Amino acid sequence: MDWSRAKSILIIALIICNLILTSVYVGQVKTEADRIASLTNDAIEYIESRGIKVSCAVPTDVDDLSVITLRFKEGDSAGGLSRTKYDGIPVEIVGLKNSSFIEAIQRTDIVIEILPAYTALLKCVDSISTEIDDLELIYLVDRAAYAGAGGEDTALPYWKVSSSGNSYYYAAFTE
């Protein structure tokens, strides 16, 4: 038996198999992206049929996000809402007036699958009556009960829906 020829045939067969599997995977990813885009358009149509205007872009991409932890210094006064960014994603801390009291932000090993933005749109239908001004993916931390205290807290991804100066937060992960 010619082992050199057998090896070459096996390598070619494995390359063809990899190409087929890659095309199937890419097709599934595209099909899922098309499905989410279609469901997003359906959600927008439904909301607008209820008399609520959607005047912002609604994201259709869905990526997994890591959970992050924040470490806080002592001393901040109670109340307020602080905003910073981590890895390009806004981080909102309820109960913290000044983001200078954030000592560190670290990514954890926990990765969460993010729900599509249209889920937040559908959840906000009963809360909003006129217009949706903004929709964004953020990390949210509620430090109101620990205002002024140092320590560590976990930030999870949320969809923030804004309407007429009010903000509504909806979990962007399966609970």
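Biologist: Which residues of the largest nonpolar core touch the most other members?

Modeller: In soluble globular proteins, nonpolar side chains tend to be buried together. A nonpolar core is defined here as a set of buried Ala, Val, Leu, Ile, Met, Phe, Trp, Tyr and Cys residues joined through side-chain atoms within 4.5 Å. Buried means under 20% relative accessible area, exposed means over 50%, and partly exposed lies in between, with a 1.4 Å probe and protein chains only. In this predicted model, the largest such core has 32 residues, and Leu70, Ile93, Ile132, Leu135, Tyr139 and Val161 touch the most other members. Two or more residues each come from α1 (3-49), β2 (64-72), β4 (89-94), α2 (117-123), β7 and β8 (151-163). Strand β2 gives the most to this core, with four residues.

Biologist: What does Leu135 touch, apart from residues up to four places away in sequence?

Modeller: Contact means heavy atoms within 4.5 Å. By that rule Leu135 touches Cys56, Ala57, Val58, Pro59, Ala117, Ala120, Leu121, Trp159, Lys160 and Val161. For the protein, 66% of the contacts with a separation of 6 or more join residues 24 or more positions apart.

Biologist: On what basis were the model and its values prepared?

Modeller: The model is predicted: local features need pLDDT of at least 70, side-chain atom pairs count only at pLDDT 80 or more, and totals for chains, interfaces and linings use all residues. Residues are numbered from 1 along each chain as its sequence is written, and side-chain values use heavy atoms, with hydrogens and water left out.

Biologist: What is the mean pLDDT of the protein?

Modeller: Where pLDDT is low, the predicted coordinates should not be read in detail. The term denotes the predictor's confidence in each residue, from 0 to 100. Here the mean is 88, and 99% of the residues reach 70 or more.

Biologist: How does the radius of gyration stand against that of a compact globule?

Modeller: The radius is taken over C-alpha atoms, and the globule rule is 2.2 Å times the number of residues to the power 0.38. A compact globule of 175 residues would have a radius near 16 Å, whereas this protein has 23 Å. Along the principal axes, its C-alpha atoms fill a box of roughly 80 × 45 × 25 Å. Buried residues make up 34% of the 175.

Biologist: How many disulfides does the structure hold?

Modeller: A disulfide is a covalent bond between the sulfur atoms of two cysteines. The criterion used is a pair of cysteine sulfur atoms within 2.5 Å. The structure holds zero disulfides. For Cys124, the closest cysteine sulfur is that of Cys56 at 9.3 Å, too far for a bond. Cys124 is buried, with a relative accessible area of 1%, while Cys17 is partly exposed at 38%.

Biologist: Is Ile128 buried or exposed?

Modeller: Ile128 is buried, with a relative accessible area of 4%, and its place is in the loop between α2 and β6 (131-132). Leaving aside neighbours within four places in sequence, Ile128 is in contact with Ile52, Val161, Ser163 and Tyr168. Ile128 and Ile52 are 76 residues apart in sequence, yet 7.4 Å apart in space, C-alpha to C-alpha.
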